[in-house]
Amino acid sequence: MIASKNLLDGKSLAKKIRGEVKEEILDIKKSKGITPGLTVIIVGEDPASQAYVSKKEKAAKKLGINSKIFRLPETTSEDHLLKLIHRLNNEQTVDGILVQLPLPDHIDKEKVIDAISPEKDVDGFHTINAGKMFLNKDTLLPCTPYGVLKLLESEDVSLEGKHVVVVGASDIVGKPMAMLALNQMATITICHIATKDLAYHTRQADIIIVAVGKVNLITEEMVKDGAVVVDVGINRLEDRLVGDVDFENVSKKASLITPVPGGVGPMTIAMLMYNTLLAMKERRG
Ligand SMILES: Nc1nc2c(c(=O)[nH]1)N[C@@H](CN(C=O)c1ccc(C(=O)N[C@@H](CCC(=O)O)C(=O)O)cc1)CN2
C-alpha cells in the first residue's frame, strides 16, 4: 500500500462501513429475527468476474448476510437466466439480486437487469432505479459511484459549485457518477470516446473522476494544481494492478487522490453490503 498524506483511502473507509453494516444487521437479527439475503448470479468463467463475486460472497458472510451464488456456464440461455431471476424475485428471504457484469454476448444485458425486481436491485442498475436517481429521488444507488461519493464525503469534499469532470460514460460508472454529482450541485462535464482534447476538459476540473480502463490516461499535465483525483480504472499489468491515472506523478499535484488498488474498488463491495441491508429494511424491515 502506498503511504501518502493526500490519499483517499477506500480500504479503510470500506472497512468502517462494513463494520457499521455488520452492527446493524446484528441488531435487526436480535430485535426482529430477520437476516438479509443476497443472491449473486455469474455467467461464464471470466477470472476477474469470478474473483469479484468471491469477494462479494466473503464480505456478505463476514457481515452475517445470507449469500447464495449461482455460478452458471457461459452457454446459459437468456431464457434460463430470466426464469431464475423471476423465481428469486418471488423468494421472500432474497433481499438483493445482482447479476455480475459483463454478461456473454448472446444475453441481452438490459433485459436481464430490468427483469430484477427494482426493490431487490442492489446494483441500482434497473431502469426504474436509474430514473429515480436521475430525478434525485430516494432509491438504491449504483455501488461504485455511491462509494465515490462516500469517499469524498469522508474527507469533507463538498461537490456543491465544484467542476466535476467525469472521464468515461459507461452505464455502471460514468453516467450515474455524473448524475450523482449533479444532484450534489456540482457543475458536470462528461468526457467520452468522442471527446476532442480531453486534457482541455480535465485541466478545468476541481474533481476528476476517471473510469475508462486505460493505463496512464490521466497524466500530470492534464491535472490542475490541488485537484481531487478519483481513479475508478482497473488495469491488470503482468506484475501488478494499476488504474487509469499516472499515480506517481499526478499524486504530486493532487490535493487528494485514490490509489489502485485500495481506493474505489473496496468501496464498491462495501456499498453493495450497505444496499443489501437497505433493500431488506425497505421491503421487510
Ligand atoms: N453487477 C456488477 N458488475 C460489475 C460491477 C458492479 O458494481 N456490479 N463492477 C465491476 C466489478 N466489481 C464489482 O462487481 C468490482 C471491481 C473491483 C473491486 C475491488 O475490490 N478492486 C480492488 C482490487 C481487486 C483485485 O485485486 O482485483 C481494488 O481496486 O482495490 C471490487 C468489485 C464490474 N462488474
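Helices here are DSSP runs of at least four residues (H or I), numbered from the N terminus. I'm working on a predicted model.

**Entry 1: helix H5**

I started with H5, residues 127-134. Which of its residues are buried? I get Asn 129, Ala 130 and Met 133. Why do these sit on the same side of H5? They cover an arc of only 100° around the axis, so they share one side of the helix.

After H5 comes Asn 136, and I noted its positive phi, near 60°.

**Entry 2: the ligand shell**

How many residues surround the ligand? I count 20, and the closest are Tyr 52, Leu 101, Pro 261, Gly 265 and Thr 268. I then checked which elements give two or more residues to this shell: helix H2 (47-63), strand E3 (96-99), helix H6 (143-154) and helix H10 (264-284). H10 has the largest share, with four residues.

By residue type, I sorted the shell into 13 nonpolar, five polar and two charged.

**Entry 3: strand E6 and its sheet**

Next I took the sheet that holds E6. What is the strand order? I read E5-E4-E6-E7-E10, five strands in an open sheet with parallel pairing. The edges are strand E5 (187-191) and strand E10 (256-257), each of which pairs on one side only.

I zoomed in on E6, residues 207-210. Side chains in a regular strand alternate between the two faces of the sheet. In E6 I find Ile 207 and Ile 209 on one side, Ile 208 and Val 210 on the other, and all four are buried, so both faces of the strand are covered.

Then I went through the neighbours of E6. Strand E4 (163-167) runs parallel to E6 and is joined to it by four bridges. Strand E7 (228-231) also runs parallel to E6, again with four bridges. Which residues stand opposite Ile 209? In E4 I find Val 166, and in E7 the bridge partner is Val 230. Ile 207, for its part, stands opposite Val 228 in E7.

**Entry 4: Arg 284**

I finished with Arg 284, which lies in helix H10, the helix that gives the ligand shell its largest share.

Arg 284 and Gln 92 are 192 residues apart in sequence, yet their C-alpha atoms are 8.9 Å apart in space.

Notes: Residues are numbered from 1 along each chain as its sequence is written. This is a predicted model: local features need pLDDT of at least 70, side-chain atom pairs count only at pLDDT 80 or more; totals for chains, interfaces and linings use all residues. A residue is buried if 20 or more other C-beta atoms lie within 10 Å of its own, exposed if 12 or fewer, and partly exposed in between; C-beta atoms are placed from the backbone. The arc is that of the directions from the helix axis to the C-beta atoms. A residue is near a molecule or strand if its C-beta atom, placed from the backbone, lies within 6 Å of it. Ala, Val, Leu, Ile, Met, Phe, Trp, Tyr, Cys and Pro count as nonpolar, Asp, Glu, Lys and Arg as charged, and the others, Gly among them, as polar. Two strands pair if DSSP finds at least two bridges between them.
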